[in-house]
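Student: I would like to learn how to read a model of this kind, feature by feature. Please give me the general idea each time, and then the case at hand.

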Amino acid sequence: MAPFVLCSWGTARVGPHAGAVNICPEPVFSAALAWTWLGQVLNPVQIAGGVIVIAAVIHLQRLRVIG
């Protein structure tokens, strides 16, 4: 319950656009934790997808700073 409340509070504080962009990497970090802590294997497509998500978030954050 606490993560949901904190996520809702944070999204309300920074706005819906920034909140949506910052939630996108959540599956990437979950996969990285599963890989390191649980020894699960990621295939190349999953790794490429994670890289694309992180690159998109960085790109959107840069646009926000510039614009």
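Student: Which are the buried residues of H2?

Tutor: Buried means under 20% relative accessible area, exposed means over 50%, and partly exposed lies in between, with a 1.4 Å probe and protein chains only. In H2, the buried residues are Ala18, Gly19 and Val21. Their arc, taken from the directions from the helix axis to the C-beta atoms, is only 165° around the axis, which puts them on the same side of H2. Pro16 and His17, on the other side of H2, are exposed.

Student: Why do residues three or four places apart in an α-helix point the same way?

Tutor: An α-helix has 3.6 residues a turn, so residues three or four places apart point the same way.

Student: What should I know about the origin of the model and its numbering before I go further?

Tutor: This is a predicted model, in which local features need pLDDT of at least 70 and side-chain atom pairs count only at pLDDT 80 or more, while totals for chains, interfaces and linings use all residues. Residues are numbered from 1 along each chain as its sequence is written, and side-chain values use heavy atoms, with hydrogens and water left out.

Student: Which helix has the lowest mean pLDDT among the elements of the protein chain, and which the highest?

Tutor: pLDDT is the predictor's confidence in each residue, from 0 to 100. The protein chain averages 82, and 94% of the residues score at least 70. Among its elements, helix H2 (residues 16-23) has the lowest mean, 72, whereas helix H3 (residues 26-38) has the highest, 87.

Student: How many residues has H1, and what follows H1 in the chain?

Tutor: Helices are DSSP runs of H or I with at least four residues, strands are runs of E with at least two, and both are numbered from the N terminus; the expected span of a helix is 1.5 Å times one less than its number of residues. H1 has 13 residues and reaches 18 Å from its first C-alpha to its last, close to the expected 18 Å, and Gly15, with a positive phi near 105°, follows H1. H3 also has 13 residues, but reaches 17 Å, close to the 18 Å expected, and the residue after H3 is Gly39, whose phi is positive, near 70°.

Student: Which residues form a nonpolar patch on the surface?

Tutor: A patch is made of residues with over 30% relative accessible area and no salt bridge, like charges being joined within 9 Å and nonpolar side chains (Val, Leu, Ile, Met, Phe, Trp, Tyr) within 5 Å. A salt bridge is a side-chain nitrogen of Lys or Arg within 4 Å of a carboxyl oxygen of Asp or Glu. Here Met1, Phe4 and Val5 form such a patch, with about 390 Å² of accessible area together, by the Shrake-Rupley method with a 1.4 Å probe, where for residues only the protein chains shown count as cover. Val5, in helix H1 (residues 2-14), counts as partly exposed because its relative accessibility is 43%.

Student: Where does Phe29 lie, and how far apart in space are Phe29 and Arg62?

Tutor: Phe29 lies in helix H3 and counts as exposed at 52% relative accessibility. Its C-alpha atom is separated by 10.0 Å from that of Ile54, 25 residues apart along the chain. Arg62 and Phe29, by contrast, are 33 residues apart in sequence and 21 Å apart in space, C-alpha to C-alpha. Arg62 belongs to helix H4 (residues 44-66) and is exposed, with a relative accessible area of 59%.
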